[in-house]
Amino acid sequence: MGDEIKKAAELLLKSRFTTAFTGAGISVESGIPPFRGNDGIWGKYDPHFLEISYFMSHPRESWTVIKELFYDFFAEAKPNNAHLVMAEMEKRALLGRIITQNIDNLHQEAGSREVYEFHGNSQRLICLGCHRLYPAREISLDHLPPTCRECGGLLKPDFVFFGEGIPQKALGASYEAVSLSDVFIVIGTTGEVMPANQIPFMAKSAGSKIIEINTEPSNFTGSITDVFIRGKAGEVMQKLAAELFTASLDDDKDGINENFEVHGK
Ligand code: APR
C-alpha cells in the first residue's frame with residue numbers, strides 16, 4: 001500500500017483542482033453499514049420502502065422503516081478520520097470539492113464546506129405540500145408520518161428516493177467538477193448506481209487521474225482507476241495525510257491539525 005499512497009500523494013500535491021467522490025464505504029468506520037456487500041442494508045431491508053411511489057401510497061409504512069434505518073440506528077454516527085482528513089485537505093487547498101452519494105451529513109459535520117449531495121441529506125425534512133424545509137432534529141417521529149406545522153402536508157426526508165430525480169445543484173456542481181478537475185479521488189463506492197456512477201467516468205474522459213480507495217475492487221477499479229489503494233477509508237486517509245501534510249508543511253509550516261494525530265509513515 002505504501003507505494004500507492006506515495007503515488008496518490010504526488011498526484012494530489014501536483015493537482016490544480018481535486019474533487020472527491022464518496023460513497024457509503026467512507027462512513028462504515030463511523031458505524032453506518034454500506035448498502036451492498038455482506039452486511040449491507042439492502043440485504044436486510046427491502047429497497048421497495050424507499051421507492052417514491054410506495055412512499056406516496058404508504059407513507060406510514062415507509063416512514064416506519066426510514067425512522068429505524070436513518071434516524072434511530074445512525075443518529076449518533078460521528079465523522080471518522082476519513083471525513084476529518086478531507087476537511088483538513090480542503091482547508092489546505094488540497095481538495096476543491098466533495099460530491100457525495102451519502103445522506104448522513106458526516107462530511108459537513110467534519111468541517112468540509114464545499115459538499116454537494118448527489119442523493120440529498122437525511123438531516124432535512126421537506127413538506128410535500130408547501131416545500132418548507134425543517135431540520136430533522138426539530139421534528140418528532142413519535143407519530144408517523146410526520147406532518148408540516150404550517151400546512152399539515154406530508155413531510156419527507158430531503159434525500160432522493162428511488163424514482164426521484166437528482167437535485168439540480170448537485171448535478172451542476174458535479175458536471176462543473178468534471179471540467180475543473182485534474183484529479184478525482186473516489187472513496188468507498190461500488191459504482192453501482194446510476195446516474196451518480198457516471199461522474200467518475202466523465203471525469204476520466206475529461207482527463208482526470210483517478211485515485212480510488214476501497215476495501216474491495218469496484219466498477220471503477222479495472223476500468224478507469226489509475227491508483228487503487230485497497231484498505232479502509234479512515235486508515236488509508238490517515239496514511240495519506242501523513243504524506244500530504246508533511247509535504248505541504250514543508251511549504252507552509254503551519255502544523256498538523258490537532259483534530260487527529262497523524263501516525264508515522
Ligand atoms: N473503507 C472503504 N470502502 C469501504 C469500506 C471502508 N471501511 N467498507 C466498505 N467499503 C466499500 C465497499 O467495498 C463498497 O464498494 O464501500 C462500498 C459500499 O458500496 P455501496 O453500499 O453500494 O454504497 P454506494 O456505492 O455509496 O451506493 C450508492 O446506492 O442504494 C443507493 O442511494 C444509495 O447512495 C447509495 C447508492
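Colleague: Which strands does H3 lie across, and at what angle does H3 run to S6?

Modeller: In this predicted model, helix H3 lies across S4 and S6, and its direction makes an angle of about 45 degrees with S6.

Colleague: How many residues does H3 have, and how far does H3 reach?

Modeller: H3 takes in residues 59-73, which is 15 residues, and the distance from its first C-alpha to its last is 20 Å, close to the 21 Å expected at 1.5 Å a residue.

Colleague: And where is the kink in H3 centred?

Modeller: The kink is centred on Lys-67 and amounts to about 35 degrees.

Colleague: Which residues of H3 are buried, and what covers them?

Modeller: The buried residues of H3 are Ser-62, Trp-63, Val-65, Ile-66, Leu-69, Phe-70 and Tyr-71. Their cover includes helix H2 (52-57), together with strand S4 (120-127) and strand S6 (155-159).

Colleague: OK, on to the sheet with S4 and S6, in what order do the strands come?

Modeller: The order is S5-S4-S6, three strands in an open sheet with antiparallel pairing. Strand S5 (133-135) and S6 are the edge strands, and each has a single partner strand, so one side of each is left without a neighbour in the sheet. From one strand to the next, the twist averages 40 degrees.

Colleague: How many bridges hold S4 and S6 together, and what stands opposite Cys-127?

Modeller: S4 and S6 pair over four bridges in the antiparallel sense, and the residue opposite Cys-127 is Leu-155 in S6.

Colleague: Switching to charges, how many salt bridges does the structure hold?

Modeller: There are 13 salt bridges in the structure. Among them is the one between the side chains of Arg-124 and Asp-158, at 2.8 Å from N to O. Arg-124 lies in strand S4 and Asp-158 in strand S6, so this pair ties together parts that are 34 residues apart in sequence.

Colleague: What about Arg-124 and Glu-117, how far apart are their closest N and O atoms?

Modeller: Those atoms are 3.2 Å apart, and Arg-124 and Glu-117 form a salt bridge.

Colleague: Are those two residues buried or exposed?

Modeller: Glu-117 has a relative accessible area of 14% and is buried, because buried means under 20% relative accessible area. Arg-124, with a relative accessible area of 27%, is partly exposed.

Colleague: One more topic, which residues of S2 are buried on each side?

Modeller: In strand S2 (residues 97-100) both faces are covered, with Arg-97 and Ile-99 buried on one side and Ile-98 and Thr-100 buried on the other.

Colleague: Which strands are joined to S2, and what are the partners of Ile-98?

Modeller: Strand S1 (residues 18-22) runs parallel to S2 and is joined to it by four bridges, while strand S3 (residues 115-117) also runs parallel to S2, with three bridges joining them. Ile-98 is the bridge partner of Ala-20, and Ile-98 also stands opposite Val-115 in S3.

Note on methods. Residues numbered from 1 in each chain as written. Predicted model: local features only at pLDDT ≥ 70, side-chain atom pairs only at ≥ 80, totals over all residues. Heavy atoms only, no water. Helix = DSSP H or I, 4+ residues; strand = E, 2+ residues; numbered from the N terminus. Expected span 1.5 Å × (residues − 1). Bend = angle between axes of the 7 residues up to and from the residue. Buried < 20%, exposed > 50% of the residue type's maximum accessible area, 1.4 Å probe, protein only. Contact = heavy atoms within 4.5 Å. Pairing = 2+ DSSP bridges. Axes fitted to C-alpha atoms, helices over the stretch in contact; angles between N-to-C directions. Salt bridge = Lys/Arg side-chain N within 4 Å of Asp/Glu carboxyl O.
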